[in-house]
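Subject: Structure handover

Hello,

Here is the structure you asked for. My notes on it follow.

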Amino acid sequence: MINTWTWFIWIAAVLIALSVTRNPLYIILILLCLFLLDTQLALKSRITNGADDNRSIPVSPFRIALMLITLSAVFNAAISHYGETVLFSLPTSFPLIGGSITVEAFVYGALNGLVLFGIFYAFFILNRALSVRRLIRVIPRAFYPVAVVTSIAITFIPNTIRQYHQIREAQSVRGHRMRGIRDWLPLLIPLLTGGLERALSLSESMSARGLAASTANQEVWWGRIMVLFGLLLLLIGWILTLFTDWLLFGSLLLISGIGLLLIVLWLIGRSTPHSTYILEKWTWQDALILSGVAAVISALLFPLPFIDKETLHYEVYPTMHLPGFDPFIGILLLGLLMPAILIYISNISVQE
Amino acid sequence: MLPKSIRLSSIAIYSATFILGVLSLLYPFISSAIVQNTPTGQAGFGHTPLMLTVLLSLSLVVLIYEVQGQVNTKVIALLGVLIAINASLRFIEVGIPGPGGFSPIFLLIILAGYLYGGRFGFLLGALTMLVSALVTGGVGPWLPSQMFAAGWVGMSAPILRPFVQRTSSYSNSKNQSSRIELLALILFGFFWGFLYGVIMNLWSWPYFVDPVGQYGSQGISTIELISRYTSYYLLSSFFWDLSRAFGTALLLFAFGIPILSVLRRFLHKLTFQHDQTNLQEHQFQAAIETVLKDSIHIPQ
């Protein structure tokens with residue numbers, strides 16, 4: 001099984017890749033990697049569960065792609081009137097959208113839609129790959145009340161839906177019919193009252209089992225001061241980078257603030273007592289995926305001598321032209337495909 | 001740490017996270033002024049949409065850390081159950097989409113925030129978004145801004161209380177709701193129906209529209225930027241948000257008073273505290289003896 005943190009690092013690499021380029025060829029390559037991974041995950045789900053148990057929204061990702069690309073292209077063309085290839089012009093007296101509608105604005109909008117779809121698709125895959133239980137487990141220890149609340153809520157959702165159906169059946173037997181919005185009241189109020197009664201008995205049983213009131217982060221007084229200090233560093237650093245020429249100093253303060261906040265929350269979390277029931281291991285599969293991620297990051301962010309990074313910066317305006325393509329960047333981007341290859345091998349071995 | 005210094009540090013943390021959150025959302029407007037001032041006219045580090053998501057996530061994390069500090073088992077259990085009810089409503093919303101941006105989840109967030117306080121409202125709003133995203137597979141970069149906006153809805157609801165107390169015969173102990181209270185809540189829900197959309201659009205604007213179309217180009221005044229954002233908002237979301245605003249107002253009108261009275265009834269049960277420090281040993285023994293006498297019949 002691939003480690004949860006490996007998945008997070010992988011998705012961070014996808015987000016970085018989608019953020020640094022507007023070259024349609026690279027974006028399509030990234031989307032192809034995502035599509036192949038999605039296919040393998042769906043196959044794995046069918047092999048292990050007998051059906052695709054994807055819990056995501058009941059709309060195909062490709063419909064969402066079509067919607068995002070179309071909307072983005074239309075909005076951009078309507079709002080942004082830049083570009084030299086004019087398709088047609090709307091009278092400037094038209095409020096908001098008056099002016100030239102250009103091919104360049106359409107294409108730039110469509111590219112933005114493609115990037116947005118890539119971000120959406122990457123998270124769609126993450127939701128498919130990681131169970132709710134694994135996602136809750138990564139909530140940091142400093143936030144254990146939040147983790148407990150989330151666990152309770154997720155446990156109670158099926159109960160709530162079941163209770164809703166029971167109430168509806170009981171009210172139907174009494175002759176209740178849904179005619180208007182007010183007719184929802186006899187369903188909502190018992191549902192709410194029942195839920196609140198359950199909350200009271202749950203809190204009593206939690207207290208009886210020794211889950212005391214949480215005052216942990218008030219007792220850690222140094223934590224509060226350091227959190228405040230980290231926030232101030234972050235705020236001042238960001239303001240400096242935005243409003244002054246002290247870019248380096250501002251960036252340093254910004255990064256120090258982010259680092260301080262993360263370290264303080266980690267240290268506070270360490271002082272929280274906890275029990276670990278399932279310990280996720282790091283395996284050679286994680287090492288392979290991380291090496292793929294390292295290849296992608298090095299291609300996109302580091303100045304490697306054999307790479308033409310200019311091809312990443314594709315600019316549609318003022319006149320559209322064909323995008324460039326560096327095969328080395330293309331090969332290194334295929335590092336994102338590593339989870340798909342590993343899941344494919346695992347699927348083959350299970351089928352055999 | 002003394003209670004006064006805790007309160008002061010709390011206020012400072014709330015203020016800092018609020019400023020950071022608002023600045024992150026308004027950064028495209030700010031960034032235009034900066035780009036004009038830079039020699040190259042190019043936006044740099046700190047101006048990217050990804051930076052917005054990172055800063056917003058961090059301020060959300062710190063705010064949740066601060067707010068969760070004073071929850072007890074009753075609040076944890078109550079939050080868990082109310083979030084389950086709210087997430088179920090959102091589950092239904094995803095399965096059977098209502099008109100436009102209509103969403104039933106703001107009803108409970110507003111009413112519970114109004115009655116149980118800003119901290120509770122914030123956690124209910126933010127965690128409803130988190131849990132429903134986990135359940136429906138909606139985890140993504142949009143989640144921090146959704147959590148922030150929904151949290152702010154609940155956190156801001158108690159600001160209605162002083163107004164309602166001054167203008168009506170509102171009485172918490174009598175479990176009564178006045179017409180003024182209902183009207184205030186309806187207007188509040190209508191207002192947040194729009195504001196939620198505006199906040200979510202501020203988040204999506206830098207991702208959706210090209211830099212030339214919004215900020216980034218030299219010589220654009222703030223008024224021009226606001227007009228560009230307005231055109232983006234009116235084109236993309238106005239009618240969507242209108243249905244959310246009307247939907248929330250309608251739900252508050254139809255269910256506001258009955259739900260408030262249920263929540264008020266439970267408020268007394270939830271605020272009950274067993275004060276062990278004032279319970280003397282002889283009082284405790286006397287209480288035990290009374291209970292035993294009442295419950296056990298000893299034959300003579």
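A residue is buried if 20 or more other C-beta atoms lie within 10 Å of its own. A:Ile79 has 24 such atoms within 10 Å, so A:Ile79 is buried. Please keep in mind throughout that this is a predicted model.

**Confidence**

The predictor gives the complex an ipTM of 0.78 and a pTM of 0.79. For chain B the mean pLDDT is 76, with 71% of its residues at 70 or more. Within chain B, helix 5 (residues 105–116) has the highest confidence, at 93, and helix 12 (residues 281–295) has the lowest, at a mean of 50. Two stretches of chain B should be read with that in mind. Over residues 212–216 of chain B the pLDDT is below 50, yet this stretch has 22 contacts in the model beyond near neighbours in sequence. Residues 294–300 of chain B also stay under 50, and for them the model has 0 contacts beyond four places in sequence.

**Chain A**

Chain A has 13 helices and 2 strands. Of its 352 residues, 34% are buried. The C-alpha trace of chain A spans about 70 × 60 × 55 Å along its principal axes. Among contacts in chain A with a separation of 6 or more, 70% are between residues 24 or more positions apart.

The domain assignment divides chain A into domain 1 (4–140 + 278–351), domain 2 (146–216) and domain 3 (221–270). Between domain 1 and domain 3 of chain A, the C-alpha centres lie 30 Å apart.

A:Ile79 and A:Thr155 are 76 residues apart in sequence, and their C-alpha atoms are 46 Å apart in space. A:Ile136 is in helix 5 (residues 132–137) of chain A. A:Ile136 counts as partly exposed because it has 17 C-beta neighbours inside 10 Å. Not counting residues up to four places away in sequence, A:Ile136 touches A:Ala147, A:Thr150 and A:Ser151.

**Chain B**

Chain B has 12 helices and 0 strands. Of the 300 residues of chain B, 46% count as buried. Residues 24 or more positions apart make up 79% of the chain B contacts that have a separation of 6 or more.

B:Gly154 lies in helix 7 (residues 143–156) of chain B. Is B:Gly154 buried or exposed? B:Gly154 is buried, because 30 other C-beta atoms lie within 10 Å. Leaving aside neighbours within four places in sequence, its contacts are B:Ile109, B:Ala112, B:Gly113, B:Gly121, B:Phe122, B:Leu124 and B:Gly125. B:Gly125 is 29 residues away from B:Gly154 along the chain, and their C-alpha atoms are separated by 5.9 Å.

**Where the chains meet**

How many residues of chain B are in contact with chain A? There are 72, and they are in contact with 80 residues of chain A. Several helices of chain B each supply at least two residues to this side, including helix 1 (3–25), helix 6 (118–136), helix 9 (179–208) and helix 11 (238–270). Helix 4 of chain B gives the most, with 16 residues. By class, the side of chain B that touches chain A has 49 nonpolar, 19 polar and 4 charged residues.

The largest nonpolar core has 162 residues, and those touching the most other members are A:Ile30, A:Ala153, A:Leu333, B:Leu79, B:Ile83, B:Ile110 and B:Leu127. Helix 4 (residues 103–129) of chain A contributes the largest share of this core, 15 residues. B:Leu127 is in contact with A:Val146, A:Val149, A:Thr150 and A:Ala153 in chain A, and with B:Leu79 and B:Ile83 in chain B, leaving aside neighbours within four places in sequence.

Regards

Notes:
Residues are numbered from 1 along each chain as its sequence is written. Chains are lettered from A and ligands numbered from 1 in the order in which they are written. This is a predicted model: local features need pLDDT of at least 70, side-chain atom pairs count only at pLDDT 80 or more; totals for chains, interfaces and linings use all residues. Helices (H or I, at least four residues) and strands (E, at least two) are DSSP runs, numbered from the N terminus. A residue is buried if 20 or more other C-beta atoms lie within 10 Å of its own, exposed if 12 or fewer, and partly exposed in between; C-beta atoms are placed from the backbone. Two residues are in contact if their C-beta atoms, placed from the backbone, lie within 7 Å. Ala, Val, Leu, Ile, Met, Phe, Trp, Tyr, Cys and Pro count as nonpolar, Asp, Glu, Lys and Arg as charged, and the others, Gly among them, as polar. Domain bounds come from an automatic or database domain assignment. A nonpolar core is a set of buried Ala, Val, Leu, Ile, Met, Phe, Trp, Tyr and Cys residues joined through C-beta atoms within 7 Å. pLDDT is the predictor's confidence in each residue, from 0 to 100.
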